[in-house]
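Subject: Structure for your review

Dear colleague,

Please find below the structure that I am handing over to you. My notes on what was found in it follow directly after.

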Amino acid sequence: GVDFLAHERIWFDKPRYDEAERRFYERKNG
Amino acid sequence: MAAGTLYTYAENWRAYKAQIAAQYSGVHLKVASTPPAFTFGQTNRLPNFLNSFPLGKVPAFQGDDGFCLFESNAIAHYLSTDALRGSTPQASAHILQWVNFADSEIIPPASAWVFPTLGIMQFNKQATEQAKEEVKRMLLVLNQHLNTRTFLVGERVTLADITVVCSLLWIYKQVLEPAFREPYPNVNRWFGTCINQPQFKAVLGEVKLCEKMAQFDA
Amino acid sequence: MAAGTLYTYAENWRAYKAQIAAQYSGVHLKVASTPPAFTFGQTNRLPNFLNSFPLGKVPAFQGDDGFCLFESNAIAHYLSTDALRGSTPQASAHILQWVNFADSEIIPPASAWVFPTLGIMQFNKQATEQAKEEVKRMLLVLNQHLNTRTFLVGERVTLADITVVCSLLWIYKQVLEPAFREPYPNVNRWFGTCINQPQFKAVLGEVKLCEKMAQFDA
């Protein structure tokens with residue numbers, strides 16, 4: 001099961017993208 | 001379901017899902033996206049907001065009856081009609097399938113490709129090239145599915161169409177230039193059909209499709 | 001809904017969601033996870049599999065009536081009872097909220113933390129530390145929510161509990177050592193309640209909680 005887990009598509013970077021998006025829109029909204 | 005208020009920043013594709021659903025259901029939805037009703041980065045950090053919406057994220061929905069809900073798919077589902085949610089167990093399941101497809105197969109590569117072009121994130125050539133390949137793969141799957149279908153599930157617009165359209169907005173507007181999207185005529189046809197529905201138009205306005213692929217915006 | 005076959009590799013936490021839901025609904029679910037019924041990496045690349053499940057991902061469900069479904073949340077929903085899905089529109093909405101919370105707030109940091117300890121991903125100290133902070137933040141939200149609740153939504157197990165439990169499995173088994181999980185007693189109580197339900201036990205067996213935080217396995 002562990003070996004197959006390596007094939008899972010996980011968006012590991014999601015928190016980083018969420019954070020970037022948050023900052024962008026906070027700046028945009030003044 | 002009761003009327004209520006949707007807290008969000010302006011032009012939030014996640015909020016569009018709920019707003020379009022409300023157009024179909026006729027629910028009276030106040031959108032609080034500008035001061036003084038809502039200032040993103042301030043209002044959503046206040047204690048009373050966090051009491052109702054502990055993640056501090058938007059969109060967030062509060063019914064006039066006090067009912068609180070976060071996560072955009074949940075809000076869109078709540079504001080929908082039974083027809084949008086699926087009128088049979090199999091239709092409902094297929095709708096959920098495409099909603100999850102949007103989150104897992106569209107949003108990650110779309111974000112990776114588009115964010116640098118909007119100046120949201122630094123450009124990374126490898127990440128962008130990988131994202132483009134994943135977008136192509138995803139569009140191929142959609143194109144094949146839509147070969148003999150007008151909508152994703154059944155014969156009418158459902159939450160599946162609303163969710164997948166909203167998830168594709170960024171790439172159709174920013175990077176899917178005509179040559180890049182040409183191999184996916186069924187997706188283009190379906191996308192055009194959806195965004196020209198009155199309920200979509202009422203929320204999205206006129207959607208200007210990408211004419212030239214946007215590049216990194218430093 | 002009809003009985004059917006769930007294609008998956010063994011010990012797939014995503015498949016567990018559907019399997020536990022089937023325990024509650026009594027749907028006869030054949031699990032095809034080993035040869036000759038299913039070989040991951042081979043069977044799911046064959047043309048006839050891809051015809052039914054174009055992404056080639058598992059878990060994938062095929063009903064005995066031919067109905068095909070992918071995306072684990074959709075499958076779990078399809079195999080559920082009305083009680084698991086939520087008996088009121090507000091309950092259904094809250095269940096969807098927590099299901100989406102699991103996908104967006106639990107899985108990314110939990111996987112980023114656990115995968116290197118399983119030796120299936122390179123270790124990156126900064127990424128691991130950041131993942132730990134995200135997990136703490138997420139557990140705090142859950143802990144506050146469960147302060148006065150036995151289950152996530154309503155008074156009985158729902159798809160919300162099934163999904164969130166399955167999403168937390170790896171971190172509870174690998175890295176949430178007693179000291180780390182001590183600040184979240186409500187989550188620990190709720191997790192223990194769920195995994196000891198007969199329907200969870202039938203699928204998960206005895207869940208051994210982490211005694212010492214696993215480290216990077218080179």
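This is a predicted model: local features need pLDDT of at least 70, side-chain atom pairs count only at pLDDT 80 or more; totals for chains, interfaces and linings use all residues.

A salt bridge is understood here as a side-chain nitrogen of Lys or Arg within 4 Å of a carboxyl oxygen of Asp or Glu.

The contact between chains B and C

One of the salt bridges between these chains pairs the side chain of Glu105(B) with that of Lys57(C), at 2.6 Å from N to O. Polar contacts were counted as well: 14 residue pairs link chain C and chain B in this way, both residues being at pLDDT 80 or more.

Which elements of chain C supply the side that touches chain B? At least two residues each come from β4, α3 (72-78), α5 (89-117) and α6 (125-145) of chain C. The largest share is that of α5(C), with 12 residues.

In total, 27 residues of chain C are in contact with 27 residues of chain B. The area buried between chain C and chain B is about 2500 Å², and carbon and sulfur atoms give 64% of that area.

How are the two copies related? The same surface serves both copies, since 100% of the contact residues of chain C recur in chain B.

The sheet of chain C

Chain C contains an open sheet of 4 strands in the order β2-β1-β3-β4, with mixed pairing. At the edges stand β2 (29-32) and β4 (68-70) of chain C; each has a single partner strand, so one side of each is left without a neighbour in the sheet. From one strand to the next, the twist averages 20°.

Within this sheet, strand β1 (residues 4-7) and strand β3 (residues 60-63) of chain C run antiparallel and are joined by 4 bridges. Leu6(C) stands opposite Phe61(C) in β3(C). Helix α1 (residues 13-25) of chain C packs on the sheet, where α1 touches β1 and β2 of chain C. The direction of this helix makes about 155° with that of β2(C).

Backbone points to inspect

Two cis peptide bonds in chain C deserve mention. One runs from Pro35(C) to Pro36(C), with omega near -5°; Pro36(C) lies in the loop between β2 and α2 (47-52) of chain C. Another joins Val58(C) and Pro59(C), with omega about 5°, and Pro59(C) is found in the loop between α2 and β3 of chain C.

In chain B, Glu11(B) has a positive phi of about 60° although Glu11(B) is not a glycine. This residue is found in the loop between β1 (4-7) and α1 (13-25) of chain B.

A link to chain A

Glu11(B) also takes part in a salt bridge: its side chain meets that of Lys28(A) at 3.7 Å, N to O. Lys28(A) lies in helix α2 (residues 14-28) of chain A, whereas Glu11(B) is in the loop between β1 and α1 of chain B, so the pair joins two chains.

With kind regards

Technical notes. Residues are numbered from 1 along each chain as its sequence is written. Chains are lettered from A and ligands numbered from 1 in the order in which they are written. Side-chain values use heavy atoms; hydrogens and water are left out. Two strands pair if DSSP finds at least two bridges between them. Axes are lines fitted to C-alpha atoms, for helices over the stretch in contact, and angles run from 0 to 180 degrees between N-to-C directions. Contact means heavy atoms within 4.5 Å. Buried area is the accessible area (1.4 Å probe) that two parts lose on being put together, summed over both. A polar contact is a pair of N or O atoms within 3.5 Å; within protein, one must be able to donate a hydrogen and the other to accept it, and residues adjacent in sequence count only if both atoms are side-chain atoms.
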